Amino acid sequence: MRARAHRLLVGVVASVVLIGACSGQRQSGGLSGSVVGDGSSTVFPISEAIAEAFGKENPDVRVTVGVSGTGGGFKKFCEGELDFNDASRPIKKEEMERCAAKGIEFIELPIAYDGISVLVNKANDWVDYITVAELKKAWEPDAQGKVTRWNQIRPSWPDRPLQLYGPGTDSGTFDYFTEAVVGKQDASRGDYTASEDDNVLVQGVSGDPNALGYFGYAYYVENQDKLKAVPIVNPKTSKPVLPSEETIKSGEYSPLSRPLFVYVTKNASLRPEVRAFLDFYLSHPEIIAATGYVSLSSELYSRASKRLAAGTTGSAFGGATELGPGGLEQAYK
């Protein structure tokens, strides 16, 4: 995180701890043990911030969060190696089947909204907006080795080399983007600079005047002085829309608005330290907002909490992964 954002987050965490101290209450005093998570680099800043705040109230509980990408995390999750997995898309059908084969029951918890942001270098003075069709032209498998110049995407753009930066194939952002833009999950050209670490992509785009990349909204917010967001033409309204808290939450930033999740194993959710951590997660949307993502409505957090308390297992999405914010409202009635 940049220093400014880190100071804001520290302030929020300090406020949460102070409120608990003043009320004479701790989240779950006397708790001990460990909570192990992994998964999405997009969701990582949220889980890291929640873990830091939770740890201040529960110093004897150790929460660790890795960054293997959504898909990489689910591989470990379905082997029983994790208590929870951060995911920037709903769980896939084949991942559900893999978990079932290992006897892993899971609870699906929506935690925030994100808008996959399309970015260019600050020196780029020719891109004023981009359509989904143009993004497809740049990223579809048939573009590999063929679409290598900016003017091949739009003739009015300059004859300059096109340098692409995006998430690796274990990333949920990769899964969501390919389905929303190309029309088929995992369908992407392979000749681009790939990383599951969004910070690496930030560095790549910010250092390359010919760059075009995509990654989570919070990483754009934290690096606005280095990056330029490209408005995406909404296919329904034909209007270019920039990602923002308002446009992401409303779904106007379409088709790249999406929900974010935490998945917890049913067995882990029964352990007091894991349950306390997740209760804390769902009851502190101000920490989520401080990381740069868009918090859910209080009603959706309430529904998620009830889902956790009831031990409701399975996914509400049946393996579908391309969902706008409205999908949450329908799924968790």
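## The disulfide

Cysteine 78 is buried, with a relative accessible area of 0%. Buried means under 20% relative accessible area, exposed means over 50%, and partly exposed is in between (1.4 Å probe, protein chains only). Cysteine 99 also counts as buried, at 0% relative accessibility.

This is a predicted model: local features need pLDDT of at least 70, side-chain atom pairs count only at pLDDT 80 or more, and totals for chains, interfaces and linings use all residues. Residues are numbered from 1 along each chain as its sequence is written, and side-chain values use heavy atoms, with hydrogens and water left out.

How many disulfides does a search of the whole structure find? It finds one. A disulfide is a pair of cysteine sulfur atoms within 2.5 Å. Here cysteine 78 is joined to cysteine 99, with S to S at 2.0 Å. The angle about the S-S bond is -75°, and the link is left-handed. Cysteine 78 sits in the loop between helix 3 (70-77) and strand 3, and cysteine 99 sits in helix 4 (residues 93-101), so the pair ties together parts that are 21 residues apart in sequence. Helices (H or I, at least four residues) and strands (E, at least two) are DSSP runs, numbered from the N terminus.

## Asparagine 85

Strand 3 (residues 84-87) contains asparagine 85. This residue is buried, at a relative accessible area of 0%. Contact means heavy atoms within 4.5 Å. Leaving aside residues up to four places away in sequence, asparagine 85 touches several others, among them Asp38, Thr70, Phe77 and Tyr263.

## Helix 2

Helix 2 (residues 44-57) has 14 residues. The expected span of a helix is 1.5 Å times one less than its number of residues. For helix 2 that should give 20 Å, and the end C-alpha atoms are 20 Å apart, which agrees.

Is helix 2 mostly covered or mostly uncovered? Mostly covered: ten of its 14 residues are buried. They include Phe44, Ile46, Ile50, Phe54 and Glu57.

## Backbone details in loops

Aspartate 186 is not a glycine, yet its phi is positive, about 70°. It lies in the loop between helix 6 (172-182) and strand 7 (193-194). Aspartate 186 is partly exposed, with a relative accessible area of 40%. Serine 238 also has a positive phi, near 65°. Its loop runs between strand 10 (232-233) and strand 11 (240-241). Serine 238 is exposed, at 55% relative accessibility.

The peptide bond from serine 254 to proline 255 is cis, with omega near 10°. Proline 255 lies in the loop between helix 9 (245-250) and strand 12 (257-265).
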